Amino acid sequence: AGLGAARGRVMGEWRLRVVGKGNAARYAAQAGRLGIDGRVEFAGPQPDMPAEYGRADLLLFPTLYDAFGTVTLEAMATGIPVVVSRQAGSSEVVDDRVDGRIVEDPRDPAELAAAVEPLVNDPALRAKMGLAARAKAEQNGIDANIEKVVALYREIAREKGRG
């Protein structure tokens with residue numbers, strides 16, 4: 001499955017909504033074996049991701065590889081903290097413990113839990129990191145990224161004696 005977003009407490013329990021493509025049946029079976037199938041929902045791909053982020057309290061994106069998951073900036077833009085793996089290119093825009101968390105090994109359940117648990121248990125921390133995430137996303141909007149790319153090309157051209 002592509003991404004997960006922990007969302008609202010239901011009678012004191014957190015739920016995980018997994019959104020995206022992937023072998024959901026395999027993971028649903030595993031959730032059943034673990035006895036947590038009532039707390040995990042495999043929603044598949046969704047057409048309205050802004051609505052998904054709006055319902056989420058945080059984004060969990062423990063990818064093994066992604067050149068740059070725009071999902072990270074999209075989620076940050078909605079004001080929710082993110083938990084990403086170091087292998088995600090988008091980890092370069094996340095300030096660990098400021099606007100999100102970065103995990104070194106996304107296959108390590110203990111490390112994932114250690115990153116997510118403070119956000120789950122501390123609404124004030126979640127809100128503070130969410131505000132920082134929103135500010136970070138605003139700094140990395142399309143216009144800012146275009147300016148950065150153009151500046152990089154100009155610098156390369158100057159170094160090559162073409163600018």
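**Helix packing and strand pairing**

Start with helix 4, residues 109–121, and helix 5, residues 123–139: in this predicted model they pack at about 105 degrees, with their axes 5 Å apart. Axes here are lines fitted to C-alpha atoms, for helices over the stretch in contact, and angles run from 0 to 180 degrees between N-to-C directions. That angle makes helix 4 roughly perpendicular to helix 5, a label that covers 65 to 115 degrees.

Who makes the contact, meaning heavy atoms within 4.5 Å? Helix 4 brings Pro118, Leu119, Val120 and Asn121. Helix 5 brings Pro123, Leu125, Arg126 and Met129.

A word on the ground rules. Residues are numbered from 1 along each chain as its sequence is written, and side-chain values use heavy atoms, without hydrogens and water. Local features need pLDDT of at least 70, side-chain atom pairs count only at pLDDT 80 or more, and totals for chains, interfaces and linings use all residues.

Now the strands. Helices (H or I, at least four residues) and strands (E, at least two) are DSSP runs, numbered from the N terminus. Two strands pair if DSSP finds at least two bridges between them.

Strand 2, residues 13–19, pairs with strand 3, residues 40–44, in the parallel sense over four bridges. Arg17 has Glu41 of strand 3 as its bridge partner.

Next, strand 5, residues 82–85. Strand 4, residues 56–61, pairs with strand 5 in the parallel sense, over three bridges. Phe61 stands opposite Val84. On to strand 6, residues 100–103: four bridges join it to strand 5, and the two run parallel. There, Val83 stands opposite Arg101.

How values were computed. Parallel < 35°, antiparallel > 145°, perpendicular 65-115°, else oblique. Contact = heavy atoms within 4.5 Å.
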